[in-house]
Amino acid sequence: MTAATCVSSCATPVTALATTVLIVGHGSREASGNDEIREFVRQWRVRQPGWRIELCFIEFAEPSLHDGLLAAAQGAQRVLVLPLILNAAGHVKMEIPEAIEHARTHCPGVAFHYAPHLGACDPILAILKRRLRKAMAALDVPDPVTTGVIVLGRGSSDRAANGDVAKMARWLHEETDHELVELAFTGITFPRLERVVQRQVLVGMKQVVVLPYYLYTGTLMQRIERQVGHLRQQYPQVRFACGAHFGFEPEIFALMEERVTQLQAGVAGAAMPCDGCRYREIAHDLGHGHSHEHTHGHAHAPAEAVPA
């Protein structure tokens with residue numbers, strides 16, 4: 001879709017209120033990961049048949065973020081942009097806001113509202129606790145005192161994103177009987193899974209539960225499965241259990257629906273705060289071409305309910 005086409009479409013008066021809910025997925029080199037996100041959208045459309053729900057990807061899959069925004073704006077007065085992403089790093093703080101600014105330029109008659117990422121919260125904690133209970137059952141319910149837990153995140157150069165994983169590990173520790181709940185990362189930052197397992201074995205853990213902090217499958221989830229297999233060979237005296245990614249848990253659907261409801265009601269704090277500005281200023285200073293002349297004010301304005 002060209003920008004000119006979108007300008008023409010967006011400039012056409014819309015007689016009835018039209019709202020598009022646009023899910024932004026990360027995208028994966030592994031086709032099965034993208035297919036799972038598409039299946040999530042299909043299931044969400046069944047849950048909310050009165051909503052217009054569309055999908056785009058930041059990378060590795062189509063439609064792209066820019067194309068998805070322009071397509072979502074066609075025939076709409078309002079586009080609610082919802083990142084289906086756990087932690088806020090460069091994609092959430094820089095790429096998506098910049099793409100929204102681009103769409104606003106080409107679709108001046110459409111209001112774009114940007115919701116926060118899923119984040120560290122009680123619903124995500126509930127999923128982790130359920131995953132941990134399932135893993136413990138697979139190990140025949142051993143003593144939690146001798147069972148180490150590792151919350152395994154993707155890893156980011158953004159310390160706040162890594163901090164969210166650390167927060168979830170701490171919350172899990174406080175709400176379980178496990179004496180040792182730690183975090184590890186699959187890349188970018190440290191500690192890595194192998195090092196944390198080594199420490200847990202040295203302090204006497206007899207079982208280790210690895211809980212991937214991932215929404216969908218992909219190349220990294222496949223790598224985690226291989227790593228756990230290697231660790232089983234390296235430490236034959238220790239029993240390992242590896243949880244699954246979050247996928248289609250009801251809490252994920254509920255969080256996304258909460259984002260829509262709060263954006264529509266104009267709830268204070270429902271829109272993504274302008275906390276990405278510092279990162280985009282740095283990107284601009286490094287020559288990446290972002291203009292900091294953007295506004296988020298209208299995203300906080302109250303709006304009517306999504307048509308049922």
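Helix axes are lines fitted to C-alpha atoms over the stretch in contact, and angles run from 0 to 180 degrees between N-to-C directions. The model is predicted, with local features requiring pLDDT of at least 70 and side-chain atom pairs pLDDT 80 or more, while totals for chains, interfaces and linings use all residues. Residues are numbered from 1 along each chain as its sequence is written, and side-chain values use heavy atoms, without hydrogens and water.

Select helices H7 (residues 193-202) and H8 (residues 219-234), which pack at about 35 degrees with axes 11 Å apart; helices are DSSP runs of H or I, at least four residues, numbered from the N terminus. In the contact (heavy atoms within 4.5 Å), Leu193, Glu194 and Val197 of H7 meet Gln227, Val228 and Leu231 of H8.

Next, select phenylalanine 40 and tryptophan 44, a tilted aromatic pair at 6.2 Å centre to centre and 45 degrees between planes. Rings of Phe, Tyr and Trp (its six-membered ring) pair if their centres lie within 6.5 Å; planes under 30 degrees apart are stacked, over 60 edge-to-face and the rest tilted. The two residues are about one helical turn apart because they stand 4 residues apart in helix H2 (residues 31-47). Phenylalanine 40 is buried at 0% relative accessible area (buried: under 20%, with a 1.4 Å probe and protein chains only).

Conventions. Buried < 20%, exposed > 50% of the residue type's maximum accessible area, 1.4 Å probe, protein only.
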